[in-house]
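Q: Can you walk me through this one? I'd like to start with a helix.

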Amino acid sequence: MKTQVLIVEKNKSLGQTWLGFLERHGFEVTLVLTQLEALDHLRFNGCDVLIIDLMMPDASSLTITDFASYKNPDISIIVVSASSFFSDGSVFKILPNARGFMNQPIEPDDLVAVVDHCSGS
């Protein structure tokens with residue numbers, strides 16, 4: 001069974017780039033752009049890896065990560081951010097399921113490698 005990846009990214013073009021790279025490496029990927037879409041997807045679908053920007057405008061990214069962890073206690077969360085706010089590693093204290101933190105811009109191959117490592121595939 002393929003690893004299920006959910007990308008929560010407000011920038012549709014960027015999210016689609018990541019989606020394409022991950023799909024070409026054998027992951028089953030869904031891209032959502034809003035908090036409502038993310039919660040709806042998590043409510044009705046399985047997810048092994050969540051890729052999310054914690055600094056999304058008009059959304060509570062922590063609500064999404066909390067719900068994802070509730071639905072799947074083993075989910076791997078990869079935080080991406082253009083902000084240096086979490087570069088001190090505090091994200092790992094806030095999110096027990098955080099498995100990676102990546103500063104944007106992110107090379108798609110690097111993202112694939114982190115998802116591959118976090119998913120254990």
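A: The face of H3 turned away from its buried side carries two exposed residues, Asp66 and Tyr70. This is a predicted model: local features need pLDDT of at least 70, side-chain atom pairs count only at pLDDT 80 or more, and totals for chains, interfaces and linings use all residues. Numbering runs from 1 along each chain as its sequence is written, and side-chain values use heavy atoms, leaving out hydrogens and water.

Q: What do buried and exposed mean?
A: Buried is under 20% relative accessible area, exposed is over 50%, and partly exposed is in between (1.4 Å probe, protein chains only).

Q: Which residues of H3 are buried?
A: Ser61, Ile64, Thr65 and Ala68, in a helix covering residues 61-71. They line one face, because they fall within an arc of 95° seen down the axis. The arc uses directions from the helix axis to the C-beta atoms. Helices (H or I, at least four residues) and strands (E, at least two) are DSSP runs, numbered from the N terminus.

Q: What do the buried residues of H3 pack against?
A: Strand S1 (4-8), helix H2 (35-44), S3 and strand S4 (76-81).

Q: Now Asp53. Where does Asp53 lie?
A: In strand S3, residues 49-53.

Q: Buried or exposed, Asp53?
A: Asp53 counts as buried, because its relative accessibility is 3%.

Q: Which side chain does the Asp53 side chain make a polar contact with?
A: That of Lys10, at 3.4 Å. A polar contact is a pair of N or O atoms within 3.5 Å; within protein, one must be able to donate a hydrogen and the other to accept it, and residues adjacent in sequence count only if both atoms are side-chain atoms.

Conventions: Contact means heavy atoms within 4.5 Å.
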